[in-house]
Amino acid sequence: MARGAPGDPGVPPVLPVTVELRRVRLPLVRPMVAAHGVERDRDVVLVAATLADGSVGWGECSTLGRPTYTGEWTEAAWWVLRDELAPAALAGRASGVVGHPMASASVSTAVLDARLRSVSVNLAASLGAEPGRAVPSTAVSGVQPSVDDLLRGVAADLAAGHRSVKCKIRPGWDVEPLAAVRSAWPDLALAADANGAYARDDLDRLVSLDRLGLLYLEQPFAPDQLLLSAELVRSAGTPVALDESVTSAATVDVVVALGAAGVLSIKPARLGGIAEAVRVAELAVAHGLGAFVGGMLETGVGRAAALAVAALPGCDLPTDLGPSSRYFTDDVTERFALDDGTLAVPTGPGIGVAPDADRLDAATVDHLVLTR
Ligand code: MG
C-alpha cells in the first residue's frame, strides 16, 4: 500500500518476528439462524503478530465453521494461514494467495495493530475517524421459530437499548414476520437481510415489502446477481443493500455502474482487510451511497477493528456490530457494551483491546507459533 493511500496508517512498515495462530471456540449466547445456516458457536482463528520491539498486535479471521456464507471456512483458513499467509508475512513478501480474504485480513490487521501499538497510535485515528465516537448499533434478529418469538425478541432488544432492528429473512419467513414487527412498532428503524436467498421469481414479493417502510433490504439475491439486484433497485422503493456482493472496491465500482445498490455493507474481514474497507467507505461517500459496517459475529478482537472502520465518515447507518453480551458470555477481550443504543470506538493504541490471557487460553483449541 502506498503511503498516503486510503487506509494507510502513516506508520512505517515493520516485519513481525513471530506470528502466532490461535484457533478459539466460543459458544454463542443463542444460535444465529439465517438463510445460509445455523451458527451455534464461533470457531475462529486469532492471529498475534509480534515485532522485534515486543509490540504485539491482533487480528481475527472471522470465518464460519462451514463455507456457507462465503467460500471461506475455519479449517481451510487455518491451513492457509499456517502454510501460506503467516510465512509470507514473516518474510515480508506477497503471499500470492488467491481468495481467502478473511484469513488475509487477520494477518494484515495483526501486523497493522502491532505497528500502531509500537508508536502508540489509535487505529481509528490513523484512518481519519474519531476514536471514542459513539456508533449507532442495530440489533440483528435471526430467523425465529414463530412470529411471537420474534416479537418477544425485538421487545427485548429495544428494552436493552437498541434503536433499530434488522431481521434475517428467507422464503417462508419474510412478509408475515416483518409486517408483525412493523405493526407492533410503527416508527421503528427496521431492516431485513435475506443473505442471498431469493431469485428472479421473487421480485414481486420483494417489491411488496415497500409498504413496510424498511430502512433497507439487504442482499436479496446471490452475490453475483448484480443485474437482478439492479432490476430490483429500479422496481422497489425500499433501498437495496449489498453485503455478500461487496468483496472489493473494484466490485463496488461495478455495483455503482449498474445501479445495483443504494446501501453497502462494509465488512473489513470479507474485504481482505482494513485498507480495502476504507476504500469502500470512500466510494460510498463519493457516490452518495448509504453504508454501514456489517458484523461477522466477531470476538472482541474483530469487533474492535471493525468499529474503527464504523467510525469513518460515510458509515452513516447503524452498524451490525452489537454489544459483546448479545453473542458471548465470556469474550476473549473486555466487553463492548451498548450505551444509549451506541457502541464506543476504542481509543487506545492500535485496535484498542487485546485478549485476556486466561480467557484466551480457556477458549483455545489449537495453537501454533511461527518464527522468521
Ligand atoms: Mg448481511
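1. S1 and S2 form a hairpin with two residues between the strands. In this predicted model, strand S1 covers residues 18–34 and pairs with S2 in the antiparallel sense over 13 bridges. One of the paired positions is Thr18, whose bridge partner in S2 is Thr50.

2. Strand S2 (residues 37–50) is also joined to S3 by six bridges, and these two strands run antiparallel. Val45 has Cys61 of S3 as its bridge partner. The hairpin of S2 and S3 has five residues between the strands, and there Gly54 takes a positive phi near 95°. Strand S3 (residues 56–61) has five of its six residues buried, so this strand is largely enclosed by the rest of the structure.

3. S1 has a further antiparallel partner in S13, with seven bridges between them. Arg22 is paired with His367 of S13. Val365 also lies in S13, which spans residues 364–371. Apart from residues up to four places away in sequence, Val365 touches Arg23, Val24 and Arg25. Val365 counts as partly exposed because its relative accessibility is 44%, a value between the limits of 20% for buried and 50% for exposed.

4. A separate point concerns the parallel sheet. Seven strands make up an open sheet in the order S5-S6-S7-S8-S9-S10-S11, with parallel pairing. Its edge strands are S5 (139–141) and S11 (290–293), each pairing on one side only. Strand S10 (residues 263–266) is joined to S11 by four bridges, in the parallel sense. Val263 stands opposite Gly290 of S11.

5. Which residues does Ser164 contact, leaving aside its neighbours within four places in sequence? They are Ser137, Thr138, Ala139, Leu188, Ala189 and Pro318. Ser164 belongs to strand S6 (residues 164–168) and is buried, with a relative accessible area of 5%. Its side chain makes a polar contact of 2.9 Å with the side chain of Thr138.

6. Asp243 sits in the loop between strand S9 (240–242) and H8. Is Asp243 buried or exposed? Asp243 is buried, because its relative accessibility is 1% and the cut-off for burial is under 20%. The side chain of Asp243 makes a polar contact with that of Ser265 at 3.1 Å. Not counting residues up to four places away in sequence, Asp243 touches Tyr69, Asp193, Glu218, Gln219, Ser265, Lys267 and Arg270.

7. Asp193, one of the residues touched by Asp243, forms a salt bridge with Lys168 at 2.9 Å, N to O. This pair links distant parts of the chain, with Asp193 in strand S7 (residues 189–193) and Lys168 in strand S6, 25 residues apart. Both Asp193 and Lys168 are buried.

8. On helix H7 (residues 226–235), the buried residues are Leu226, Leu228, Ser229, Ala230 and Leu232. The buried residues of H7 pack against helix H6 (203–207), strand S8 (217–218), S9 and H8. Glu231 forms a salt bridge with Arg200, with the closest N and O atoms 2.9 Å apart. That pair joins distant parts of the chain: Glu231 is in helix H7 and Arg200 is in the loop between S7 and H6, 31 residues apart. Glu231 is partly exposed at 23% relative accessible area, as is Arg200 at 47%.

9. Leu227, Val254 and Leu258 make a nonpolar surface patch of about 260 Å². Val254 is placed in helix H8 (residues 249–258) and counts as partly exposed, at 39% relative accessibility.

10. The whole structure holds 18 salt bridges. One of the pairs is Arg163 and Asp340, whose closest N and O atoms are 2.7 Å apart. Here, too, distant parts of the chain are linked: Arg163 is in the loop between helix H4 (147–159) and S6, while Asp340 is in the loop between helix H10 (300–310) and strand S12 (342–344), 177 residues apart. Arg163 is partly exposed at 49%, whereas Asp340 is exposed at 56%, because the limit for exposed is over 50% relative accessible area.

Note on methods. Residues are numbered from 1 along each chain as its sequence is written. This is a predicted model: local features need pLDDT of at least 70, side-chain atom pairs count only at pLDDT 80 or more; totals for chains, interfaces and linings use all residues. Side-chain values use heavy atoms; hydrogens and water are left out. Patches are made of residues with over 30% relative accessible area and no salt bridge: like charges are joined within 9 Å, nonpolar side chains (Val, Leu, Ile, Met, Phe, Trp, Tyr) within 5 Å. Accessible areas come from the Shrake-Rupley method with a 1.4 Å probe; for residues, only the protein chains shown count as cover. A salt bridge is a side-chain nitrogen of Lys or Arg within 4 Å of a carboxyl oxygen of Asp or Glu. Buried means under 20% relative accessible area, exposed over 50%, partly exposed in between (1.4 Å probe, protein chains only). A polar contact is a pair of N or O atoms within 3.5 Å; within protein, one must be able to donate a hydrogen and the other to accept it, and residues adjacent in sequence count only if both atoms are side-chain atoms. Contact means heavy atoms within 4.5 Å. Two strands pair if DSSP finds at least two bridges between them.
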